[in-house]
Amino acid sequence: MSTHRQSAGPVAKTEGGTSPYLIGAAIGLLNIFAFKAFRKGIGVSGAYESSAALVARHVAPDAAHVNDYVKARKEPPKFNWESWLVLGTILGGMAAARTFGGSAASGIDDRAGAEPKRSSLASAAGGAMLMFGARMADGCTSGHALSGTAQGAGSSWLFTPLMFGVGSFLARRARGAQRRSKDLRWQK
Amino acid sequence: MAEMNKFTQSALGLATGIVFGALLQRGGLADSRTIVGQLTGDDNRVAKTMGTAIAVGALGHRLLRLRGLTTVDPKPMNPVGLVGGAVLFGAGMAVSGYCPGTAAAAAGSGRREGVWAMAGMFAAAAVFVATYPRLKKVLEVGTLGRVHLLGGDPARPAPPPLDAVVRPRAARDTGLQAEPLQPQLNAGARGR
């Protein structure tokens, strides 16, 4: 996590334009639509699991113990609306970045040859950690933090503050260590 | 929208995803700096966005539920899985600056780090699939079932919850009363 570049801080803050409250309200409305249409809120991490299971079943069913997995889950993995939702999320990110040219912040990142802000290893390792955690907890920032909390699920109200608390603690520690190593000054 | 066919459902899922991804990107959330900025306290956009989304969603969910148009379906309260998962998730979010949804939006918007994060996520999901049969018992130690904070009893027409099968043992251990179980599922659980 020491790979995070601090210099973009104040710049990134003023960019993006759209009010976070407006974006949040729109996400809330979208989730209401999902509650009605699918009788379930938006959830993302489950689709990663079912897609991984589907791939495993084709590629290496024995190594991945897919039969035991299906027995334990009581349900074969499916490519369902949640998987389409993840594909849509990729397309939506693409469409928004192309249509609006991306926010100024992402413009920096999207430019060819731009310095990556994080090593690929940090991105992949972090992604792996959090996905395993999400499947252990049966939900992620969308399934628990957005949809679960909105319906008053006890599990989500346990998961969400704890997850942000741990992340916050570690990110602050990392930033502190980075600053100390930078100018050998103890930052409180 | 009572019973949708599979095609409609997939199409709506895709459409929902497109709007979701676009909103994440427009809100600056498809950027690891925004998420790490929230964790370090330098940038409050994540809190503002999510707080509003939760408030609006909760209000809408309540209205829908009162009119019987949606269900209450809390994910099971498995203390071990939730606490262990939250710690791993928080750490992974601090390291990568993403979560499963924002990484997808970031990958779509052309960020390489989003693609790498998604690759790591798929790899971990595969490891989870391979280990789940053995992990399941540990994750569900001391489970309290589906806990709803407001109003207690989830008013839903009870589609048999997947985890009902594992609850009886845990419920017996903790002295809690399990919900009536589907006998054949129960038998299946013992057989394992």
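## Chains and helices

Helices (H or I, at least four residues) and strands (E, at least two) are DSSP runs, numbered from the N terminus. By this rule chain B has eight helices and zero strands, while chain A has nine helices and zero strands. The model is predicted: local features need pLDDT of at least 70 and side-chain atom pairs count only at pLDDT 80 or more, whereas totals for chains, interfaces and linings use all residues. Residues are numbered from 1 along each chain as its sequence is written, and chains are lettered from A and ligands numbered from 1 in the order in which they are written.

A residue is called buried if 20 or more other C-beta atoms lie within 10 Å of its own, exposed if 12 or fewer, and partly exposed in between, with C-beta atoms placed from the backbone. Chain A has 188 residues, and 53% of them are buried. In chain B, the figure is 50% of 192 residues. Two residues are in contact if their C-beta atoms, placed from the backbone, lie within 7 Å. Of the contacts in chain A between residues at least 6 apart in sequence, 61% join residues at least 24 apart. For chain B, 55% of the contacts with a separation of 6 or more link residues 24 or more positions apart.

## Helix 2 of chain A

Helix 2 of chain A covers residues 20–37, which is 18 residues. From first C-alpha to last it reaches 25 Å, close to the expected 26 Å; the expected span is 1.5 Å times one less than the number of residues. Its buried residues include A:Ile23, A:Ile27, A:Leu30 and A:Ala34. An α-helix has 3.6 residues a turn, so residues three or four places apart point the same way.

The cover over the buried residues of this helix includes helix 8 (141–150) of chain A, as well as helix 1 (6–26) and helix 3 (45–66) of chain B. Just after helix 2 of chain A, A:Arg39 has a positive phi of about 60 degrees.

## Where the chains meet

How many residues of chain A are in contact with chain B? There are 120, and they touch 113 residues of chain B. Helix 9 (residues 154–183) of chain A gives the largest share of chain A's side, 18 residues.

Helix 3 (residues 45–59) of chain A packs on helix 6 of chain B at an angle of about 70 degrees, with axes 8 Å apart. Axes are lines fitted to C-alpha atoms, for helices over the stretch in contact, and angles run from 0 to 180 degrees between N-to-C directions. The two helices are therefore roughly perpendicular, a label for angles of 65 to 115 degrees. Among the residues making this contact are A:Tyr48 and A:Ala52 of chain A and B:Phe122 and B:Val129 of chain B.

## The core and a loop residue

A nonpolar core is a set of buried Ala, Val, Leu, Ile, Met, Phe, Trp, Tyr and Cys residues joined through C-beta atoms within 7 Å. The largest one has 94 residues, and those touching the most other members are A:Met131, B:Phe89, B:Ala103, B:Met121, B:Ala125 and B:Val129. Helix 6 (residues 112–139) of chain B supplies the largest share, 13 residues. Beyond its neighbours within four places in sequence, B:Val129 is in contact with A:Glu49, A:Ala52, A:Ala53, A:Ala56, A:Ala64 and A:Tyr69.

B:Leu149 lies in the loop between helix 6 and helix 7 (167–174) of chain B. Is B:Leu149 buried or partly exposed? B:Leu149 is partly exposed, because 14 other C-beta atoms lie within 10 Å. Apart from neighbours within four places in sequence, B:Leu149 is in contact with A:Gly152, A:Gly154 and A:Trp157.

Technical notes:
Angles under 35 degrees count as roughly parallel, over 145 as roughly antiparallel, 65 to 115 as roughly perpendicular and the rest as oblique.
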